[in-house]
Amino acid sequence: MVKFNNETNNFFPSNYLFEPIKFSHGTTTLAFICRAGIVVAVDSRASIGKFIGSNTVEKVIEINSFLLGTMAGGAADCFFWERNLSSLCTLYQLQNNQQVSVSGASKLLANMIYKYKGSGLSIGTIIIGWDQNGPGIYYIDSEGNRLKTKIISVGSGSTYAYGILDSSYRWGISIEEACDIARRAIYQAAYKDPYSGGNMNIYLVREEGWIRINSDKIDFDIFNKYNNYK
């Protein structure tokens, strides 16, 4: 018969050893700056350990009409803090009658997360946007690190995505070429990384704001298109 333990305030004995839950995270997100603008691409698979939780997760969070954020790590952590950032950016706009800069938004997020460093958060996000200083891409993680870059991929499939980005990226590519590189990078990651997959969601950020290009399912048609790519 199980008895309530007043010392531990639960039904476990005093000498019971709790093991921390080990979460397995997986995704592929990327962004790069080119002449056409900033291209952002993500997959849509959410994994729960070795199981697929969903294949239709929106991993691009629309912060405002000029800022986007990606999700890598814990979905709940990324969603909560980036939606919180969205509220702060809206408040800044109302108080100052202007949009917050990409650098300022990324600094806000990094400062908020740093307070909880070592508490178990799992965040690896990319903040992408366009302001008076031009295009900007910043990487922020749950340790409070903040890095400005021009080309980046984050997640378990990023190694495979970098293979495409490193071999195909050029500054002067057109919008069509840039989107095709992003699709191939996400496809290769989904093809080789079991934690990536679902759909490929492509966004383009320019001076006028961001637009969603398309959402393609990673299926046999994509396989036939890119697996024999020459």
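**Entry 1: an aromatic pair**

I looked up Tyr-169 and found it partly exposed, with a relative accessible area of 25%. My scale calls a residue buried under 20% relative accessible area, exposed over 50% and partly exposed in between (1.4 Å probe, protein chains only). Phe-32, at 0% relative accessibility, counts as buried.

A note on the source: this is a predicted model, where local features need pLDDT of at least 70 and side-chain atom pairs count only at pLDDT 80 or more, while totals for chains, interfaces and linings use all residues. Residues are numbered from 1 along each chain as its sequence is written, and side-chain values use heavy atoms, with hydrogens and water left out.

How many aromatic pairs does the whole structure hold? My search returned six. The ring centres of Phe-32 and Tyr-169 are 5.6 Å apart and the planes stand at 75 degrees, so I logged the pair as edge-to-face. The rule takes rings of Phe, Tyr and Trp (its six-membered ring) with centres within 6.5 Å; planes under 30 degrees apart are stacked, over 60 edge-to-face and the rest tilted.

Phe-32 sits in strand 1 (residues 29-34) and Tyr-169 in the loop between helix 3 (158-168) and helix 4 (175-192), so the pair ties together parts 137 residues apart in sequence. Helices (H or I, at least four residues) and strands (E, at least two) are DSSP runs, numbered from the N terminus. I also noted one aromatic cluster formed by Phe-80, Trp-81 and Tyr-116.

**Entry 2: the sheet around strand 1**

Strand 1 and strand 2 (residues 37-42) run antiparallel and are joined by six bridges; two strands pair if DSSP finds at least two bridges between them.

Which order do the strands of this open sheet take? I read 10-1-2-11-12, five strands with antiparallel pairing. Strand 10 (151-154) and strand 12 (209-217) are the edges, each pairing on one side only.

Is strand 8 (residues 134-141) mostly covered or mostly open? I found it mostly covered, with seven of its eight residues buried. Strand 7 (residues 124-131) joins strand 8 through eight bridges, running antiparallel, and the two form a hairpin with two residues between them. Asp-131 faces Gly-134 across that pairing.

On to strand 9 (residues 146-149), which pairs with strand 8 in the antiparallel sense over four bridges. Ile-140 has Arg-146 as its bridge partner there. This hairpin has four residues between its strands, and Gly-144 in the turn has a positive phi of about 90 degrees.

Most residues other than glycine have a negative phi. Asn-97 is in the loop between helix 1 (75-96) and helix 2 (102-114), and it is exposed, with a relative accessible area of 73%.

**Entry 3: the second largest pocket**

Which residues lie nearest the centre of the second largest pocket? I listed Arg-45, Ala-190, Gly-198, Ile-218 and Asp-219, out of 14 lining residues. Helix 4 and helix 5 (220-226) are the elements giving two or more residues to the lining, and helix 4 gives the largest share, three residues.

Methods. On a 1 Å grid over the protein atoms alone, a cavity is a set of points where a 1.4 Å probe fits but cannot get out, and a pocket is an open set with protein on both sides within 12 Å along at least five of seven lines; lining residues have an atom within 4 Å of a point.
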